[in-house]
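Work through the exercises below with the coordinates open. Each task is followed by a stepwise solution.

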Amino acid sequence: MASVSDISVSAAINLLSALAFLLAFAFLRLQPINDRVYFPKWYLKGIRASPRSSGPFMKKFVNLDIRMYLKFWTWMPAALRMPQPELIDHAGLDSAVYIRIYLLGLKIFVPIAILGFAVLVPVNWTGKTLEHIHNLTFSNIDKLSISNVPSGSERLWAHLLMAYTFSFWTCYVLYKEYKIVSTLRLHFLASEGRRPDQFTVLVRNVPPDPDESVSEHVEHFFCVNHPDHYLSHQVVYNANKLAKLVEKKKSYQNWHTYYQTKYERNPKKKPTTKTGFWGLWGKTVDAIDYYTAEIEKLSEEEATERERVMSDPKAIIPAAFVSFKSRWGAAVCAQTQQSSNPTIWLTEWAPEPRDVHWANLAMPYVGLTIRRLLVAVVLFFLTFFFMIPIAFVQSMANIEGIEKVLPFLKPLIEAKTVKSVIQGFLPGIALKIFLILLPTILMTMSKIEGFTSLSSLDRRSAAKYHLFLLVNVFFGSIITGAAFEQLQSFLKQAPTEIPKTAGVAIPMKATFFITYIMVDGWAGIAAEILRLVPLVMFHLKNTFLVKTEQDREDAMDPGSINFATSEPRIQLYFLLGLVYSVVTPILLPFIIIFFAFAYVVFRHQIINVYDQKYESGAKFWPDVHRRIIVALVISQLLLMGLLSTKKAANSTPLLIVLPVLTIWFHLFCKGRFESAFVKFPLQDAMVKDTLERATEPNLNLKAYLHDAYIHPVFKCVQLDKPKAVDDEENNPLVATKRNSRRDSKTGSDGIPETSV
């Protein structure tokens, strides 16, 4: 059990770590040689010029202006200065709304903390119950929790009143924020410039037809059923193997550039490499000649595979991107059922071109249900078996409890300083390490499920990660931690007394979560702004690979907000704050510091660094709202269970109303706002179409959409495309297309056709 001194040691370590990261960032960001690492977004926009392009030689590498170092803290107010409309134009709505999650945390927890410290902390501190319970491990921090209030005491009415107050305040703030974000989204969609996805629908599970190719079948179907609005379509190719060859060739070209540059800098010695895995073993050969030969071989394989994909009908999958003459036509198609059979001609809004996950488009739609079932089973077992390392982490967090059961370990951890470091710092960092590989595993599982856009992959992975953190980090830490702390009590007391001991012990886990918040939320966020890995990688690339200015642009790695991991991590803080706001309010200041610090840091990052991979128009917000509601309901249920162990027979039944009201509130918000995130209003679509026709009467929409949804590996290749049937006078030909194909002696059975 971590004491006040243990928490102080942990706070000191994490504050010093955060300060060291911030000072290192303040120094490194001022150096001209690092300018592209800490301000890459401005370079990508073409606004910022390299400070190394002119001036004395030394100034190209080191900033010699002492006054700049005295103002190292100015990045913080600068990050807060940009107004929200300008921020949306600069970074996109996804980024602007993402940082509002941190602002939402401040709006919820600052007033709750003030009330908690004014009302609940004095009530808990003066309870003096823990001192009279024998064989129970506790610290001074636990005296500030509800555990210190006597069972059946009238003081518990204060906790009931605060539970209602905190719940109503949280719902009020959530409602206001949902309204703001939905308004921002609708305004963003209405004012946004023209994008291909506004006119395009993804059609999947196209039924087979014996007389028509997939391309002809798609064209025929939409010309008949959307005759006034259909414009063109692009069939989807299974080009996954070709994409792997292109990626492998690109990697080999990078290695060729590296060795060529190395040889040019030292012509006396030709570089060599080994032909084995990663050049670690195998025959030693001339590196330049080896990679030149490999690139030539891959180029031949790429050309062969490209020709196969373009000529093999089996390379075309039953899916297509269908474009319409207007946003209104696309909205009608995307939001309606196309056939009496609901399992075919499935339509949905196409992701924007950079959001498409091309590899998953080749997955057969029929098998997606089976894939998702298998992934759900794997996720269950992964979540269950991860309890083992969680229990191990909790064992490190509870040295005093272990000493009672395993006294022979006592001499090893008797030193006060060592004990403080282990209890106050090690549990949080150990849990952080265990969670490092998890996001990659969950993202792989989401890809197996077959989602077709990067944004949907992120949202799906975030849902898995949130469930994992909820079950393992939160409930796992509480359950296993309570067992370790009170193991001796559990073994000696009667079975009827175990629920009471567990009920008292649950609030004591606040000390563990405080250490986790400091490690992950304080030092972790400070490490985020330092960007140590991108900094090292940029200079390695700049030293060994960069030969031209374009190479230097490519060496920049601005990165982006990793929504799949960042948002669930924020949700853990919402959960901890809501659960412990009534139980142990002392935890709230640590969470408030996290939200405030993270808000400033991520605002700086999206202004100066991050270049988002896609723009979904804040489509993730309903998930954010729902998870906070789940956290609120969990906090209410846990408080209800806790009060039942405190013999609060009169007050506990009154808490039953809270979860019911909270769920009703969620359903109300869902009905009121969620449609703005899943549908595009036909009225708004018509307004944009009318305005566009008035301002750009000569717009060639077909040319604009010509290659928007061609697989990236085909961007440089002109595919054979028959002329699209989009003129009204030519529409009657559509009905005879099937017959004309039967009569044709030189049909295109072996050639994938595309209509654009």
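Helices (H or I, at least four residues) and strands (E, at least two) are DSSP runs, numbered from the N terminus. This is a predicted model: local features need pLDDT of at least 70, side-chain atom pairs count only at pLDDT 80 or more, and totals for chains, interfaces and linings use all residues. Residues are numbered from 1 along each chain as its sequence is written, and side-chain values use heavy atoms, without hydrogens and water.

**Exercise 1.** Compare the span of H28 with its expected span.

Step 1. H28 covers residues 621-645, 25 residues. Step 2. Step 3. Step 4. Check burial (buried: under 20% relative accessible area, 1.4 Å probe, protein chains only). In H28, 19 of 25 residues are buried. Step 5. Look past the end: Lys647 follows H28 and has a positive phi, near 60°.

**Exercise 2.** Is Arg531 buried or exposed (over 50%)?

Step 1. Locate Arg531: the loop between helix H23 (510-530) and helix H24 (532-544). Step 2. Read phi: positive, about 55°, although Arg531 is not a glycine. Step 3. Arg531 counts as buried because its relative accessibility is 7%.

**Exercise 3.** Which residues touch the most other members of the largest nonpolar core?

Step 1. Step 2. The largest has 137 residues; Tyr98, Phe109, Phe474, Tyr580, Phe595 and Trp621 touch the most other members. Step 3. Helix H7 (residues 93-125) gives the largest share, 16 residues.

Methods: Expected span 1.5 Å × (residues − 1). Core = buried A, V, L, I, M, F, W, Y, C linked by side-chain atoms within 4.5 Å.
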